[in-house]
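Colleague: I would like to learn how to read a few features of a model. Please take them one at a time.

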Amino acid sequence: MFVFESGNVAAATGVKLARVQVIAAYPITPQTPLTEKLSEYVDSGVFDAEYVAVESEHSALAVCIGALSAGARAFTATSANGLLYMVEQVHWTAGARLPMVMCVVNRAVGAPFNIWNDHQDSISQRDAGWIQIYAKDHQEILDSVIKAYRLAEEVCIPVMVCYDGYYLSHTYMPFDIPDQSAVDAFLPPYTYRHTLGPANPTSLNTVTLPGGRPDIHGDFAPGYMELRQCLHEEMKQAIEVYQRIDGEFAALIGRGGNPIAERYRCDDAEYVAVALGSMANQIRDVVDRLREEGMKAGLLALSLYRPFPSEFVAAELGGRKGVIVFEKAISFGHSGALYADLQAALYPCASRPLMWNYILGLGGRSYQSDDFYDAIRQSVERRPASGDNLGWIGLNR
Amino acid sequence: MSDEKFRVLTSDSYAGPGDAGRTGSWRVLRPVIDYEKCAPAKAGKPACFLCWLYCPDSVVSKTIRPEINLEYCKGCGICAEECPSKAITMVEESSFAEGDDQ
């Protein structure tokens, strides 16, 4: 069934279809309409879930950690400083291997106070041990939420579904709502292998010593470092799992096929733009324009940011003439985070492309299709010889 | 739905002595039981056992002559505090010879 609704409603619809059992959230712009919609669904009785109104984001995720540990499927959502207030629990969720799904409605981080969009909030949590998926339209938001539960529960790693504040959260777009029966066939009820209950009294994540130890049964109980190494290895394996899950979703619901990234006119492209989130929608048009003018341009719209698909990226971008990376976040004192990740992934390639990095849209600074066009044109025509090839789009306007 | 190739290591521990490692090395004060005062030891039958009940590390045995497993006892002193017969004294670890853990 097609509807015409906002991105926040697309996310709420995905949560409802996933039959989430516990929702704990604290409203923050631009996530607020998402939690309001969920609260409305629960209040009106169309959605059988427990809605816990909490006093902070830290408590919101703490409630979800409790719910997941006791065997209930849980959801929360936040933005910007709300996410940062939650950070201790964000890292905890990953270390505890709880299959949480959270929407991050991307917004600039203060100070100074700013409610508009960029990616600094979720990018700052890049190394928290969560899987990160970036959606670029409403359909992807809804589908990603449902797929995220399947993925999280299969690999026992939490998933952030990130989408741009305002550009997606508050704009209206048509999207298809799949049948509940199809979603039920795709996403079985939640069972967790470490479920806490009176029959199995357990202390979860208490002091874990630097070394391993024999547990009370005499078996080797892993120390802190084994847990970290396991999370890393299994996060990497999640790339393959996500591809399989996406295939199953496509078979049942009829959409998907680009779980890692959308490749737009990439096949014979010499210059490829890379971006996360809704920027990709504008860059597609720019690629068309550049193609009309004779430049072999393409777009790699990355969806899966963590685990970072290094092999995919190397196969896709190695051997191109140039890669232009557009980012709405920065690792201060270095470069865009995605740019640095791409450079690392491309270093082993026999033929490395030239690379340029552009920072734009911070704190909601406007950008137009022409900005992407100009940046790509200028990069290609004025190849910088120096290492400092970071450009800022839209400063002083 | 879990896939067997995923080990999903988590740090879970179960009720029992020593599931947080060999914590006896943390001890500064050692509980020493005076069996002349200890109720079950004196009566020769099951009685009291408050030390067993209160020990947060489950290192006191529920036996006639309760024994403390010093490999894991952190020396918190709760047993000494709870003992109604004042049979448990907390003694400085430094007063025992090295290697003497009984």
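Modeller: Start with the largest pocket: the largest share of its lining, six residues, comes from α9(A). This is a predicted model, in which local features need pLDDT of at least 70, side-chain atom pairs count only at pLDDT 80 or more, and totals for chains, interfaces and linings use all residues. Residues are numbered from 1 along each chain as written, chains are lettered from A and ligands numbered from 1 in written order, and side-chain values use heavy atoms, without hydrogens and water.

Colleague: Which elements give two or more residues to the lining of the largest pocket?

Modeller: Rolling a probe the size of a water molecule over the atoms shows where empty space is left. A pocket here is an open set of points on a 1 Å grid over the protein atoms alone, where a 1.4 Å probe fits, with protein on both sides within 12 Å along at least five of seven lines; lining residues have an atom within 4 Å of a point. The largest pocket holds about 490 Å³ of space, the volume being that filled by probe spheres set on the points. Its lining has 22 residues, and closest to the centre are His232(A), Met235(A), Lys236(A), Pro307(A) and Phe308(A). Two or more residues come from each of α5 (87–95), α9 (224–253) and α11 (310–317) of chain A. Helices (H or I, at least four residues) and strands (E, at least two) are DSSP runs, numbered from the N terminus.

Colleague: What is the strand order in the open sheet of six strands?

Modeller: Strands of a sheet pair through backbone hydrogen bonds, either parallel or antiparallel. Two strands count as paired if DSSP finds at least two bridges between them. In chain A the order is β12-β14-β13-β16-β17-β18, with mixed pairing. Each of β12 (261–264) and β18 (390–392) has a single partner strand, so one side of each is left without a neighbour in the sheet. β12(A) pairs with β14 (297–302) of chain A in the antiparallel sense over four bridges, and Tyr264(A) stands opposite Leu299(A) in β14(A).

Colleague: Is Gln125(A) buried or exposed?

Modeller: Buried means under 20% relative accessible area, exposed over 50%, and partly exposed in between (1.4 Å probe, protein chains only). Gln125(A) is buried, at 5%. Gln125(A) lies in the loop between α6 (120–123) and β6 (131–134) of chain A. Beyond its neighbours within four places in sequence, Gln125(A) has contacts (heavy atoms within 4.5 Å) that include Leu83(A), His91(A) and Met160(A).
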